[in-house]
Amino acid sequence: MAIFNKAKDNISIKDIELPEHIGIIMDGNGRWAKKRGLPRTAGHTAGAQTFRKIARYCSDIGIKYLTVYAFSTENWKRPKEEVNAIMKLFKEYMIEAINDFQDDSIVVKFIGDRSVFSPDMLELIERNEQDSKDRDGMVLNIAMNYGGRDEIVHAVRNIAQDVKEGILSVDDIDAQLISDNIYTATQPDPDLIIRPSGEYRTSNFLLWQSAYAEYCIMDVLWPDFKSEHLDKALIEFAKRNRRFGGI
């Protein structure tokens, strides 16, 4: 992973070929709040506002797929007050999204293990997906209770069950079959993964899908992330030489 070069660049995103699929690890909410003497929950509220703006901006400039890391399978270890605040924001977002993204033509999908969510949360998730499924704009994947390892385990279990039932044989198992059983099946793998906050970790995000993704590490906390930061990451991506294992 290479840290983003902060040097100014005169290139505009209008001059480059955009990635088809972007992943964003929305990191730094807690540190943003701490720097301001605020509770961590205030950071998540600010981060949620940034998410809305960046999602719309990605849609407006023509990104076809955006996957955001909202809450991991490991985040349940955080203080109960913080987890409850995140879930409250998630619920509020889902209520808003039913109407807010209609004019944007954004298709909303949720990836992750849904078994832990309450019936009313599940109803909102399903309603968002149903109401948006026929739109023709950007696909927005929101990773909630998501973990890359957990996703692979989920895929392997599905395949193992099909082998057990005689639907598949062991010889049928290959990389494509696993890709067909992960949460983002039918979608292209991410071309670019952006991590604000300056941390050099994948944090269990899209482990299978990101095998050949380009990473852009940016030294800005997520609540302070703006469209200008995204533009810089896209320009940096356009300079990369992607060989996919070739010469």
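R36 lies in the loop between α1 and α2 (40-61) and D224 in the loop between β7 and α7 (227-239), so the pair ties together parts that are 188 residues apart in sequence. Helices (H or I, at least four residues) and strands (E, at least two) are DSSP runs, numbered from the N terminus.

Notes on the model. This is a predicted model, in which local features need pLDDT of at least 70 and side-chain atom pairs count only at pLDDT 80 or more, while totals for chains, interfaces and linings use all residues. Residues are numbered from 1 along each chain as its sequence is written, and side-chain values use heavy atoms, with hydrogens and water left out.

Entry on exposure. I took buried as under 20% relative accessible area, exposed as over 50%, and partly exposed as in between (1.4 Å probe, protein chains only). The areas come from the Shrake-Rupley method. R36 is partly exposed because its relative accessibility is 39%. D224 is partly exposed too, with a relative accessible area of 24%.

Entry on the other salt bridges. I searched the whole structure and got 15 salt bridges. One of them joins D27 and R195, with the closest N and O atoms 2.8 Å apart. D27 sits in the loop between β2 (21-25) and α1 (29-35) and R195 in strand β6, so this pair ties together parts 168 residues apart in sequence. Both D27 and R195 are buried. I then followed the network of salt bridges here, and its members are D27, R31, R195, E199 and R201.

I also checked K91 and D120, whose side chains meet in a salt bridge at 2.5 Å, N to O. K91 is in helix α3 (residues 80-100) and D120 in helix α4 (residues 119-132), so I noted a link between distant parts of the chain, 29 residues apart. K91 counts as partly exposed at 31% relative accessibility. D120 is partly exposed, with a relative accessible area of 31%.

Entry on the loop between β6 and β7. S197 lies in the loop between β6 (192-196) and β7 (214-218). I read its phi as near 95 degrees, a positive value in a residue other than glycine. S197 counts as buried because its relative accessibility is 8%. L206 lies in the loop between β6 and β7 and has a positive phi of about 50 degrees, although L206 is not a glycine. L206 is buried, with a relative accessible area of 1%.

A213 is placed in the loop between β6 and β7. A213 counts as buried at 14% relative accessibility. Which residues are in contact with A213, leaving aside neighbours within four places in sequence? I found P190, D191, I193 and R242, with contact meaning heavy atoms within 4.5 Å. I also noted that A213 and L192 are 5.3 Å apart in space, C-alpha to C-alpha, and 21 residues apart in sequence.

Entry on surface charge. I found a patch of negative charge on the surface, where D171, D172, D174 and D180 gather. Patch residues have over 30% relative accessible area and no salt bridge, and like charges are joined within 9 Å. D172 lies in the loop between α5 (148-164) and α6 (175-179). D172 counts as partly exposed, at 37% relative accessibility.

Technical notes
Patches are made of residues with over 30% relative accessible area and no salt bridge: like charges are joined within 9 Å, nonpolar side chains (Val, Leu, Ile, Met, Phe, Trp, Tyr) within 5 Å. Accessible areas come from the Shrake-Rupley method with a 1.4 Å probe; for residues, only the protein chains shown count as cover. A salt bridge is a side-chain nitrogen of Lys or Arg within 4 Å of a carboxyl oxygen of Asp or Glu. Lys and Arg count as positive and Asp and Glu as negative; His and the chain ends are not counted. The place of a charge is taken as NZ of Lys, CZ of Arg, CG of Asp or CD of Glu.
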